[in-house]
Amino acid sequence: MPLSSHVPELGALELLLAVARLGSVGRAAAELGVSQPTASARIKGMERQIGVALLERSPRGSKPTEAGRLVIEWARNVVEAARALDAGIDALRENRDARLRVVASLTVAEYLMPGWLLALHGASPQTSVTLRTANSADVAGHVLAGEADLGFVEGPTTAAGLSGTVVAADRLVVVVAPDHPWARRRAPLTGPELAATALVLREPGSGTREVLEMALEPYGGAARPLMELASSTALKAAAMTGAGPVCLSELAVVEELATRRLVAVPLAAGLDLRRPLRAVWPAGQRPSGPARELLGLTRRTG
């Protein structure tokens, strides 16, 4: 059942309680940060709304009428309940603002996210972060379902229903074991050659897989994979054991290339395997709180 039109607004009740406590409309106005004419007009408006006089005014101040004392008693309960509600809402907001749910593609989660989260902890040590990993297609699903405040994906496009911004850049490389024939080749690997070769690849839905397949479309598309693996670690292990050529993020093989456990195959100039790394969030919403802070950190360090 809706409240009647005779129920005053909360601010007017708070003003009435201040007048009763301080004995003066002027002192109540000063305490609440409004002018005395505004306070007087609000009291008179409330009296008209209720239909009874609430205060007796005199040169010595203001005191409640008999009806006013009743309204003040009821108003006290209402205002106390409103303050409890206000405190509860503040607690909810503080709890929300101290929690951040992130879902990131495997490459971002493994090679970039640790540095970003360390920087976030330095800036906001009170923030509790939950990080989930998934391939890029699943990241989009988690964000759209409201299961994460911010997502990070690999690839050239942003899924429908999401907004995003580029936070870093990456490049895919083709790597092989040192004893693979491609490790000794001098001529760059061409698009047709790469498209015709069975590679060890990430699973469908991976941003790495999507970028490679788009790059090879002009050459008839990628050949059927030699095998499909679900992580960069598994791909590197397969390459090092001689399973076959592997295409994965340059970020993932820095150490292996430096120690010659893997060799990068030179690529022809026409093969563009660069890709953006994006932060994503639901379209129509702007990241706020810790999500906005993390987004700012990625932009400065990406």
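Arginine 21 and glutamate 31 bring their side chains together in a salt bridge, with N to O at 2.6 Å. This pair ties distant parts of the chain, with arginine 21 sitting in helix 1 (residues 10–22) and glutamate 31 in helix 2 (residues 25–32), ten residues apart. Keep in mind that this is a predicted model. Arginine 21 counts as exposed because its relative accessibility is 55%, while glutamate 31, at 43%, is partly exposed.

## Buried charges

The structure has 16 salt bridges. Another one of them pairs glutamate 154 with arginine 275, also 2.6 Å from N to O. Here glutamate 154 belongs to strand 5 and arginine 275 to strand 11 (residues 274–282), 121 residues apart. Glutamate 154 is buried at 3% relative accessibility, and arginine 275 is buried with a relative accessible area of 3%.

Then there's glutamate 256 with lysine 236, whose closest N and O atoms are 3.2 Å apart. That one links helix 11 (residues 254–258) to helix 10 (residues 232–240). Glutamate 256 is buried at 8% and lysine 236 at 9%. Shared partners also join Glu154, Asp170 and Arg275 into one salt-bridge network.

## Strand 3 and its neighbours

Strand 3 (residues 99–104) runs parallel to strand 4 (residues 128–133), paired over six bridges. Strand 3 is also joined to strand 5 (residues 150–154) by three bridges, again parallel. Alanine 104 takes part in both pairings: threonine 133 is opposite in strand 4, and phenylalanine 152 is the bridge partner in strand 5.

## Two sides of helix 6

Helix 6 (residues 113–123) buries Met113, Trp116 and Leu120. Down the helix axis these fall within an arc of 65 degrees, so they line one face. Exposed Leu118 and Gly122 sit on the face turned away from the buried side.

Key: Residues numbered from 1 in each chain as written. Predicted model: local features only at pLDDT ≥ 70, side-chain atom pairs only at ≥ 80, totals over all residues. Heavy atoms only, no water. Pairing = 2+ DSSP bridges. Helix = DSSP H or I, 4+ residues; strand = E, 2+ residues; numbered from the N terminus. Buried < 20%, exposed > 50% of the residue type's maximum accessible area, 1.4 Å probe, protein only. Arc of directions from axis to C-beta. Salt bridge = Lys/Arg side-chain N within 4 Å of Asp/Glu carboxyl O.
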